[in-house]
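Please open the model in your viewer and keep the selection panel at hand. The tour below moves from one selection to the next.

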Amino acid sequence: MGTLTGTACAAFMVLALDEAGKHTGAFTPEDWAAPEKFYTALKRVGTPRHEIVESVR
């Protein structure tokens, strides 16, 4: 559980650094992070592609 939470936090930090200066104010990640960019950030922090679940049916 801790690894999953930490990896998601690291991915959101990657996004925040990439998007620095593009947003002002206080936002939750869901308000400014596009899912596709989040999945890319997950790969950048070491999540294997086959472990990224993009949708659940």
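By class, how many nonpolar, polar and charged residues does the lining of the second largest pocket have? In this predicted model, that lining has six nonpolar, two polar and two charged residues. To see them, select Phe12, Ala16, Glu19, Ala20, Gly21, Lys22, His23, Phe27, Pro29 and Trp32, which line the second largest pocket, a space with a volume of about 170 Å³. If you colour by secondary structure, H1 and helix H2 (29-32) will each be found to supply at least two residues of this lining.

Next, select Thr3, Leu4, Thr7, Ala8, Phe38, Tyr39, Leu42, Thr47, Pro48, Glu51, Ile52 and Val53, the residues that line the largest pocket, in which about 230 Å³ of space lies. Two or more residues of this lining come from each of H1 and H3, and H1 gives the largest share, with four residues. By class, the lining of the largest pocket has eight nonpolar residues, together with three polar and one charged.

Finally, select Asp18 and Arg44 and show their side chains: the two form a salt bridge in which the closest N and O atoms are 2.6 Å apart. Because Asp18 lies in helix H1 (residues 2-18) and Arg44 in helix H3 (residues 35-44), the pair ties together parts that are 26 residues apart in sequence. With a surface displayed, note that Asp18 is partly exposed, at a relative accessible area of 41%, whereas Arg44 counts as exposed at 54% relative accessibility. A search of the whole structure finds one salt bridge.

Notes
Residues numbered from 1 in each chain as written. Predicted model: local features only at pLDDT ≥ 70, side-chain atom pairs only at ≥ 80, totals over all residues. Heavy atoms only, no water. Salt bridge = Lys/Arg side-chain N within 4 Å of Asp/Glu carboxyl O. Buried < 20%, exposed > 50% of the residue type's maximum accessible area, 1.4 Å probe, protein only. 1 Å grid on protein atoms, 1.4 Å probe; cavity = no way out; pocket = protein on both sides within 12 Å on 5 of 7 lines; lining within 4 Å. Points joined across faces, edges and corners; volume = space filled by probe spheres on them. Nonpolar A, V, L, I, M, F, W, Y, C, P; charged D, E, K, R; others polar.
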